[in-house]
Amino acid sequence: MSKNIELETKLLQLVEENTSIFPKDAKLEISEVGDGNVNYIYRVNDEDHSVIVKFANSFIRDSDTRELSTKRNEIEYEILTRQNQLSPGSVPVVYHYSSDMNCIIMEDLSSFDVLREGLKEYKTYPHLAKKLSRFLYDVLFKTTDLVMDEEEKKNLAGHLVNVDMCEISERLVFTEPYLNNQKLNRYHASNEDFVTKELYKNDKLKLEVAKLKNQFMNNTESMIHGDLHSGSIFISHDDFKVFDPEFSFYGPMGYDIGNVIASLTISYVVSKYENKSEHENYQEWLLDSIKEMIDEFIVIYHNEYEKDVTTYMFNNSDFKDYYLEKIMSDTAGYAGTEMIRRTVGVAKVWDLDRVQDHEKIAEIERSILSIGKDLILNRDKIQVGNDFTSIINESVQV
Ligand code: SR1
Ligand code: MG
């Protein structure tokens, strides 16, 4: 029996014994459906029903040598459960978690689009920004010390320490893109001088990235998703779900908000340089979504702060303003680091792969890196949606 057949047989048994989705005599089928970098994702179905099984191996996907703690699976289960309490219906329903097998059995959302796949087809989703801002406020702001019981929060932050996954982000996002090492970084050959000047030898930028890295490692502010890009979002014509929170830990909330901005911005910039005028609607929608998501988050924050923040010292309007300024500047900074690492680092985005014209690839890379750099260096002045879109527009010269 091959390794996979053995695993698939065990997963089928796990589903049969621990869910009540399928009738007793159902003939179950199993197929691998995931294409991520880390885990194995299976769909188990009969003719009428289906579930998803996420299996976290103790080695990174398709590697027999790179070990990765399976604690990520336990954390993912914990996060999905808590996020569903904080923002009901905004994550897949979990049917069962097996700590013995490092598996989560959850709702199959294949009737939704993965946002990344929709973006590849230039689809637009007008409700995305509103759904995202609501979700981000509910799961991020409500897990800070401003809202949550301080003892519960400290215990949760301790429980969610995610050593292996944080190590990956600390290295891939905050170190490797700034190290002149051909094995780690890949970009268009004609951009060598640009990358050397703007990243490897840019001491001013490296200092700011070091500050953001230090904050990522030490600011136990919110229960963050940790990898919130368009591949972690399911979307339909009127609904939305966030999934795959295995990089989750207690970190700065601007990291998540910034990651979403980066993901949408990269799709926008690539599409602009593709120069396909039939996609004007799509481009406009992406830019509007970035602005709207930020501005809507700010509206929710202003409307709900007093209701949610009841402790004496934090229930103070100057502190309220100070705290929002910090969220926004962190968001800008982490949007910048994410854009840079997705352009030159090992974990690339899909968007650049579809551009055929090499001159254009080089131009797009420079544009994304410039936006990233500007967001990081000017982050203290970035406060509202328009500040983000102005920086993006300044750099996109098409
Ligand atoms: C080895 S994991 C590489 C990247 O994929 C994930 O989606 C995260 O973004 C990570 O940085
Ligand atoms: Mg992932």
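R116 has a relative accessibility of 23%, so R116 counts as partly exposed. The cut-off matters here, because buried means under 20% and exposed means over 50%. This is a predicted model, by the way. The partner of R116 is E117, and the two form a salt bridge with their closest N and O atoms 3.5 Å apart. E117 has 33% relative accessibility and is therefore also partly exposed.

Side chains of opposite charge can pair when their charged atoms come close.

By the rule used here, the model has 30 salt bridges. I will go through a few.

Next, E167 and R171. Their side chains meet in a salt bridge, 2.7 Å from N to O. Where do E167 and R171 lie? Both are in helix 6, residues 163–174, and they sit four residues apart, about one turn of the helix. E167 is partly exposed, with a relative accessible area of 36%. R171 is partly exposed too, with a relative accessible area of 28%.

Now R342 and D227. The side chains of these two meet in a salt bridge of 3.4 Å, N to O. R342 belongs to helix 11, residues 317–344, while D227 is in the loop between strand 7 (222–224) and strand 8 (233–235), so the pair ties together parts that are 115 residues apart in sequence. Are R342 and D227 buried or exposed? Both are buried.

There is also a network. R134, D138, K142, E304, K307 and D308 are linked in it by salt bridges.

Some distances, each from an oxygen atom of ligand 1 to an N or O atom in a side chain. For D227 the distance is 2.6 Å. For N37 it is 2.8 Å. For R341 it is 2.9 Å. As for cover, ligand 1 on its own has 320 Å² of accessible area, and the protein covers 88% of that.

To go back over one residue: D227 is buried, its side chain meets that of R342 in a salt bridge, and an N or O atom of the D227 side chain is 2.6 Å from an oxygen atom of ligand 1. That is the end of my part.

Notes. Residues numbered from 1 in each chain as written. Chains lettered and ligands numbered in written order. Predicted model: local features only at pLDDT ≥ 70, side-chain atom pairs only at ≥ 80, totals over all residues. Heavy atoms only, no water. Polar contact = N/O pair within 3.5 Å; in protein donor to acceptor, adjacent residues only side chain to side chain. Areas by Shrake-Rupley, 256 points an atom, 1.4 Å probe, with all protein chains shown as cover. Salt bridge = Lys/Arg side-chain N within 4 Å of Asp/Glu carboxyl O. Buried < 20%, exposed > 50% of the residue type's maximum accessible area, 1.4 Å probe, protein only. Helix = DSSP H or I, 4+ residues; strand = E, 2+ residues; numbered from the N terminus.
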